[in-house]
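Student: I am new to this structure and would like a close look at one part of it. Could you start with the ligand and its surroundings, then go on to a sheet?

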Amino acid sequence: MEFLASSLLELITQTATNLPPDVRAAMSIASGAEAPGTQSSQALSIILSNIDMAVEDEGPICQDTGMPTFVVHTPVGVNQIQIKRAIKEAVAEATRRGKLRPNSVDSITGKNSGNNLGEETPVIHFEQWEHDEIEVKLILKGGGCENKNIQYSVPCNLDHLGRADRNLEGVRKCILHAVWQAQGQGCAPGAVGVCIGSDRAHGYALAKQQLFRTLDDVNPVPELAKVEAEIMEEANRLGVGAMGFGGKVSLIGCKIGAANRLPASFFVSVAYECWAFRRLGVRLDATSGAITSWLYRDPSRPVERMARGEGFPLTGREVILTPPLTEAQMRALKVGDVVLISGEMFTGRDNVHAHLMKNPPPVDLHGAALYHCGPVMLKQGDRWMVKAAGPTTSSREEPYQADVIRRYGVRAVIGKGGMGPQTLAALKECGAVYLNGIGGAAQYYARSVEEVLGVHLMEFGIPEAMWHIRVKNFAAIVTMDAHGNSLHADVEHTTGAALAALQKV
Ligand code: SF4
């Protein structure tokens, strides 16, 4: 198996940096469907540019590596222990090269292993099959969309849709509800893998397995093909739009499988996948480990450029912000304004926010822009280089954010997916704003970082540390302002009404 290690490293690198053609096609259609100048259209412009940048730089499409999940089929007689060892080595090497973010955290101590290896990480499923070659498929599904997975035990009552019964109509309601509840927090437009039946644990695994189907295939089970088509049409009438900004395209794929269930249980398990739908596969020669063919992509075809223009289309109406920010500047902003930040900012996410509840910040946060971001950083010599730096889901900081704003004088919180009523109240009281970046646009935002000025709280690990960076023309949209307005609350309200209109019985 002399080529096994290099083949696996190439699989991981391509999966992390180059979206498969079916996802590219779906995103191109999504972008064409949105009216130019709308917030969804602007978000999609950045996303398309980001996809191109990731290929150009061979950098991670999104900073969130997710839980690398491998599905391996081997001929009878192939040594699976050797393959498992090679997968782990390839994962560690890809992390060392900055293709994957160190993402594996000890659930008891909170310590990041630094190389994506640890208890049950990465996830590897083995199956034997009656073919001569080895097949390895890989999906990288980040935490933002993973957190929006949802499981229904029907019969149940659903917001806006009423009762879901134990039949395909009930399943249809559950899936529509799953798309709606994700809003922008899973980096819409997304796709859903669904399992009808099974038990709780296996149902989720089978739902994720559906994400290995291509977006343009047709379900071989006619009843399920019908529900998939129906969901695609109806979910795209909800109006969630890219990043939950409101818009025409909320879903780029719906893939449903069914498994037998117990008489007493009827689960509908939904794996929500973001637009950064990173999954690829390879067939390997069982003797040498060399790649004989790729799944989902044809490497002989040139990768087509996605962006039609240059990243974020500027109108000249953007508000330029240079931290430290003042209360008057923040109160002058309103929902829908586009800002370009140039100057210094700090990252801070889950561990930093929890830390700030009991400890003073390691830096002065008065007037600061605080970026919810867990970047991919590589040390070259004695300097840190940013390899990927998109926003993370802000709602996780809702229990802390209002206190952080009130106590430490933060003026702008940057993240994705929006925040809740406690933060909105603090923004109004203190004169601060929430700025929505474009989730997953890790390369786009990495390019806006001019310099890493320092790092604090490094004991939390690279993604969770507080990075001090200087940015130039960092683009974001005001989605929660200092006057009590929230685009997220508005979109949730209007999409809830649209969901109710899809109730059939
Ligand atoms: S695109 Fe969004 S949801 Fe997907 S992995 Fe990146 S940050 Fe997470």
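Student: Which pocket is the space taken by the ligand?

Tutor: The ligand takes up the space of the largest pocket. This is a predicted model, where local features need pLDDT of at least 70 and side-chain atom pairs pLDDT 80 or more, while totals for chains, interfaces and linings use all residues. Residues are numbered from 1 along each chain as its sequence is written, and side-chain values use heavy atoms, without hydrogens or water.

A pocket here is an open set of points on a 1 Å grid over the protein atoms alone, where a 1.4 Å probe fits, with protein on both sides within 12 Å along at least five of seven lines.

An open sheet has 4 strands in the order β4-β9-β7-β8, with mixed pairing (strands are DSSP runs of E, at least two residues; two pair if DSSP finds at least two bridges between them). At the edges, β4 (150-153) and β8 (251-259) each pair on one side only. Inside the order, β7 (residues 190-197) and β9 (residues 267-273) run antiparallel, joined by 6 bridges. There, V192 stands opposite Y272 in β9. Helix α8 (residues 222-235) packs on this sheet and touches β7 and β8 (contact means heavy atoms within 4.5 Å).

Notes. On a 1 Å grid over the protein atoms alone, a cavity is a set of points where a 1.4 Å probe fits but cannot get out, and a pocket is an open set with protein on both sides within 12 Å along at least five of seven lines; lining residues have an atom within 4 Å of a point. A molecule sits in a cavity or pocket if more than half of its atoms lie within 2 Å of its grid points. Axes are lines fitted to C-alpha atoms, for helices over the stretch in contact, and angles run from 0 to 180 degrees between N-to-C directions.
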